[in-house]
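The notes are in the order in which I looked things up.

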Amino acid sequence: MRLTNKGRYAVMAMADLASNENTGPVSLNEISLRQNISLPYLEQIFQDLRKFGLVESVRGAHGGFRLSRPPEEIWIGDIISSVEEVVDITRCQASDGCLKGNAKCLTHDLWADLTSQIDGFLNSVSLNDVISGNTGKLSNSSAQVSAHLS
């Protein structure tokens, strides 16, 4: 699986914005300082977030950014997608297959199904869930898997 820092930082920055926008627009400099993310990198990320319609910029002396809609309507999967991140753990990174002649390896469907589960999870968690600490309490089956892995 390849989720780069850009995707992680986008989620961190959006969570920071959601947590701090109650006093007005939030500057990227403030987010940069609180989250220890370089300002130039945040500028790139927020350009993508704005293009995707997740944030709005506010000009002026007390300008900055604000969410374009309530945090319960912004999905983590959308944040990651907005910065052109793809979460795919298959070796071939395509549906054509990863072996000669576009054949699928024996475990392709396993990894494709796991990718689908991850995608479903990221698209079921809202930004509000993240800032309120409700990012998915372990279900009984998940708890069993975790116990098995321990």
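I began with the length of helix α3, residues 39-51, in what is a predicted model: at 1.5 Å a residue its 13 residues should span 18 Å, and the end C-alpha atoms are 18 Å apart, which agrees.

Next I asked which residues of α3 are buried. I found Leu 42, Ile 45, Phe 46, Asp 48 and Leu 49 in that class, with under 20% relative accessible area. Looking down the axis of α3, I saw these buried residues fall within an arc of 155°, so they line one face of the helix. I noted the general rule here, that an α-helix has 3.6 residues a turn, so residues three or four places apart point the same way. On the other side of α3 I found Pro 40 and Lys 51 exposed.

I then looked up what covers the buried residues of α3, and the cover includes α1 (5-20), α2 (28-35), β1 (55-58), β2 (64-67) and α4 (76-82). For Phe 46 I set aside the neighbours within four places in sequence, and the contacts that remained were Ala 13, Leu 17, Leu 28, Ile 31, Val 55 and Phe 65.

Phe 46 came up again in the largest nonpolar core, which has 28 residues, and where Met 14, Leu 17, Phe 46, Ile 79 and Leu 127 have the most contacts inside it. I listed α1, α2, α3, β2 and α4 as the elements that give two or more residues to this core, and α1 gives the most, with seven residues.

Last, I checked what comes after α3, and noted that Gly 53, which follows the helix, has a positive phi, near 85°.

Technical notes:
Residues numbered from 1 in each chain as written. Predicted model: local features only at pLDDT ≥ 70, side-chain atom pairs only at ≥ 80, totals over all residues. Heavy atoms only, no water. Helix = DSSP H or I, 4+ residues; strand = E, 2+ residues; numbered from the N terminus. Expected span 1.5 Å × (residues − 1). Buried < 20%, exposed > 50% of the residue type's maximum accessible area, 1.4 Å probe, protein only. Arc of directions from axis to C-beta. Contact = heavy atoms within 4.5 Å. Core = buried A, V, L, I, M, F, W, Y, C linked by side-chain atoms within 4.5 Å.
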